[in-house]
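Here is a short briefing on one structure. Look at the sequence and the model, then read on.

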Amino acid sequence: MSEDLVLYTHPMSRGRIARWMLEEVGQPYRAEILAFNASMKSAHYLALNPMGKVPAIAHKGTIVTECGAICAYLADAFPEAKLAPPPGSPARGSYYRWMFFAAGPVEAGVTNKALGFEVPAGRERMAGYGRYGDVMDTLEFAVTQNEFIAGDQFTAADVYFGSQIGAGLAFKTIEQRPAFQAYWQRLADRPAAVRAREIDDSLIAEMKKAQPAH
């Protein structure tokens, strides 16, 4: 395993998104599995990510946190994987647009919905996502314009966008709309996505076996 590229993660976290992205990139990497409220809060890890959360990556001395940033960074760091539209191309605008939409309105709107929080009536302008229904409608618009988020080519934006939709469908935190299901199906069987799921699911199984019996 390469020490040039390290993933800090936990298999039951958003680190699954970064794992998928790394599998799409196809470069050797080492994964360091951290524990919630333990090694994630260690002085060593807090020096890398003061939030004490995963995922994070270290690439030749550069630390990147936040799933969307990790996906975008890796796409640019390894251009041979062709996971980002060329700078200056029309598709680059869509790529940025939907990557940041997923990081902002989708993340906030879906999380608040799952927690049972609703923006008070008349205060929608204070929330970056407005209303949950607006997020769902815009999400559907995004996945029905082209085969992939930024056009006809799969990109890092699909890893990030698709991961949120896939998890949302599984945990019922987003609406079960046919458009979302169709988009996720276009992504779920990608070899890199399958490999990433198998790795993390295997780690979860090992963790469950290691738990003491009650």
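P55 sits in the loop between α2 (43-48) and β3. A cis peptide bond joins V54 and P55, with omega at about 10 degrees. This is a predicted model: local features need pLDDT of at least 70, side-chain atom pairs count only at pLDDT 80 or more, and totals for chains, interfaces and linings use all residues. Residues are numbered from 1 along each chain as its sequence is written, and side-chain values use heavy atoms, leaving out hydrogens and water.

**Sheet**
- Four strands make an open, mixed sheet in the order β2-β1-β3-β4.
- Strands (E, at least two residues) and helices (H or I, at least four) are DSSP runs, numbered from the N terminus.
- Two strands pair if DSSP finds at least two bridges between them.
- β2 (30-33) and β4 (62-65) are the edge strands, each pairing on one side only.
- β1 (residues 5-9) pairs with β3 (residues 56-59) in the antiparallel sense, over four bridges.
- V6 stands opposite A58 in β3.

**Helix packing**
- α1 (residues 15-25) lies across β1 and β2 and runs at about 155 degrees to β1.
- Axes are lines fitted to C-alpha atoms, for helices over the stretch in contact (heavy atoms within 4.5 Å).
- Angles run from 0 to 180 degrees between N-to-C directions.

- K60 is in the loop between β3 and β4.
- K60 is not a glycine, yet its phi is positive, about 50 degrees.
- E66 is found in the loop between β4 and α3 (67-77).
- E66, also a residue other than glycine, has a positive phi near 75 degrees.
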